[in-house]
Amino acid sequence: MQGVPVQFAHVHDAAEFRQPAHRGGIELYRAHIVRHAFEPHTHEAYGLGAIESGVERFRYRGSDHLAPPDSLVMMNPDVLHTGRAETEGGWRYRMAYVDPDLAAEVTGESGWWFDDAVRHDPARARRISARLDALWQAREPLAFDSQLAALLDEFRDHARVPQRNRAEAKPRFAPVLDYLRAHLAERLSLEQLAAVAGLSPFHFLRRFRDHYHVTPQQMLMALRLHQAKRRLAQGMAPAQVAAETGLADQAHLTRAFARRYGVTPARYRKQLRG
């Protein structure tokens, strides 16, 4: 990334990057910086993130800013900025660098602009850190894209946003649900589901979420667990159920099942037999 050295001089300075294979226009970044001072640099992307600990000092648009723990950081594309630690132990933070074209595609709105580079908002900052961690950990393309949309939603209140377009007729999503049910065990992409609905990918995501109040990934997981419940009731072993419903393994099934139904798959089978 521009402005970030390949190797830091101080042993406690560390930074990591990740880019999803399926989605261009976004780079994830997490770092703990103690001694390094970033020279003036810029990104051809929105820099959106949260400070997890410590305090950062940076110069941006002609002014110095302090970013304390539990604060949001919001940088516009192509604006020079610096960065260094204000506290002895440095600062720890996560960022997503999102190209303007991708941000417009995800949100349906072009021309976002952030007047404030820093905003102290503890509850939202913690949610954003959790979203950024979920993006970092996501292995399914649909899960990644759903988290990306949710991340940009968190920042929308702080952006100057152009007027929304007129409301459109509600699309029919029954074929999408049928497609999800028929492909529970597969790693689905946003593009696949959008093609079923006849919409562009992120337009589909927004409309689906407006209609069902959940993302396609959340709907997919609900359908997977519903089918898992049925198969367990039929006496199928949990490991086989996990494999046939698209869950990573039996441990994944156990965690997901317990979160939704309040009991483990094994206890559920035992209760039915009793």
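Reader: Ok, so two strands pair if DSSP finds at least two bridges between them. With that in mind, what stands opposite H41 in β8?
Author: That's H81. Keep in mind that this is a predicted model. The strands involved, β3 and β8 (residues 81-85), pair in the antiparallel sense over two bridges.

Reader: What sheet do β3 and β8 belong to, and in what order do the strands run?
Author: An open sheet of four strands, ordered β3-β8-β5-β6, with antiparallel pairing.

Reader: Let me zoom out. How many helices and strands are in the protein?
Author: 10 helices and 12 strands. The C-alpha trace spans about 65 × 45 × 30 Å along its principal axes, and 49% of the 274 residues are buried.

Reader: And what share of the contacts with a separation of 6 or more is between residues 24 or more positions apart?
Author: 70% of them.

Reader: Switching to α9. How far apart are its end C-alpha atoms?
Author: They are 16 Å apart. Helix α9 (residues 250-261) has 12 residues, and at 1.5 Å a residue it should span 16 Å, so the two agree.

Reader: Which residues of α9 are buried?
Author: H252, L253, A256 and F257. They cover an arc of only 120 degrees around the axis, which puts them on the same side of α9. As background, an α-helix has 3.6 residues a turn, so residues three or four places apart point the same way.

Reader: What covers those buried residues of α9?
Author: The cover includes α7 (216-233), α8 (238-244) and α10 (265-273).

Reader: What happens at the start of α9, and just after it?
Author: At the start, a side-chain oxygen of D249 comes within 3.2 Å of the backbone nitrogen of A251. Just after α9, G262 has a positive phi of about 80 degrees.

Reader: One more: F202. Is it buried or exposed?
Author: F202, in helix α6 (residues 201-212), has a relative accessible area of 1%. Buried means under 20%, so F202 is buried.

Reader: Which residues does F202 touch?
Author: Leaving out residues up to four places away in sequence, F202 touches R23, L102, E105, V106, D145, L148 and L190.

Methods: Residues are numbered from 1 along each chain as its sequence is written. Side-chain values use heavy atoms; hydrogens and water are left out. The expected span of a helix is 1.5 Å times one less than its number of residues. Buried means under 20% relative accessible area, exposed over 50%, partly exposed in between (1.4 Å probe, protein chains only). The arc is that of the directions from the helix axis to the C-beta atoms. Contact means heavy atoms within 4.5 Å. A polar contact is a pair of N or O atoms within 3.5 Å; within protein, one must be able to donate a hydrogen and the other to accept it, and residues adjacent in sequence count only if both atoms are side-chain atoms.
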